[in-house]
Amino acid sequence: DDDKEDTDQVKIGRFGVTVTAGPPHPAIFETIQTLCERDESLEYGTAAAIIYMFVEEEYRKRGIGELALQVISWLHAQLGCGYSLLVADDNGSGKLVQWYEDHNFIRAPLLQDLLGSPDGIYGTTMMAPALISALPDGFAVQQLEE
């Protein structure tokens, strides 16, 4: 029956990202120059954020988080952002921060206040370059419409 709701769908995770670049900010630019050791113009110091990213526990260790990071990186690059930013909150265990470090994010302590986590109260600020080449081979996406 066409009117029957599809009950075979399973929620495996939730992801929220910004889809516009924030304005260039001196703290982002300074972080890029200091931590990333890049001497880029302020134009490339734009960034977008990963607001939340969560994979249900029973679906972890299956590459879902990695795929989500690749898609988000590609999306941010398509939107003209040089970097993706986030605040990793792992309740002090270090596991989530390490996971992001294993996926090319670096700790960005100069951004703690900017991202609303002064003194790390809500987690560790991190950043990674947004890469158009981030998508895995064979992953198909439609070109974004302007």
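Q: What links W99, Y100 and F105 into a cluster?

A: Ring pairs do. A quick note before the details: this is a predicted model, where local features need pLDDT of at least 70, side-chain atom pairs count only at pLDDT 80 or more, and totals for chains, interfaces and linings use all residues. Residues are numbered from 1 along each chain as its sequence is written, and side-chain values use heavy atoms, with hydrogens and water left out.

Q: How many aromatic pairs does a search of the whole structure find?

A: Two.

Q: Why do W99 and Y100 count as an aromatic pair, and what makes it edge-to-face?

A: Rings of Phe, Tyr and Trp (its six-membered ring) pair if their centres lie within 6.5 Å; planes under 30 degrees apart are stacked, over 60 edge-to-face, and the rest tilted. W99 and Y100 sit 5.0 Å centre to centre with 80° between the planes, so they pair, and the pair is edge-to-face.

Q: Why is W99 called partly exposed?

A: Buried means under 20% relative accessible area, exposed over 50%, and partly exposed in between (1.4 Å probe, protein chains only). W99 has 24%, so it is partly exposed.

Q: How do you know whether Y100 and F105 are buried or exposed?

A: Y100 comes in at 5% and F105 at 6%, so both are buried.

Q: What makes a residue part of the lining of the largest pocket, and which lie nearest its centre?

A: On a 1 Å grid over the protein atoms alone, a pocket is an open set of points where a 1.4 Å probe fits, with protein on both sides within 12 Å along at least five of seven lines; lining residues have an atom within 4 Å of a point. For the largest pocket, 27 residues line it, with M53, R60, L96, W99 and Y100 nearest its centre.

Q: Which element gives the largest share of that lining?

A: β2, with seven residues.

Q: How does the lining of the largest pocket divide by residue type?

A: Into 17 nonpolar, three polar and seven charged. Ala, Val, Leu, Ile, Met, Phe, Trp, Tyr, Cys and Pro count as nonpolar, Asp, Glu, Lys and Arg as charged, and the others, Gly among them, as polar.

Definitions and conventions. Helices (H or I, at least four residues) and strands (E, at least two) are DSSP runs, numbered from the N terminus.
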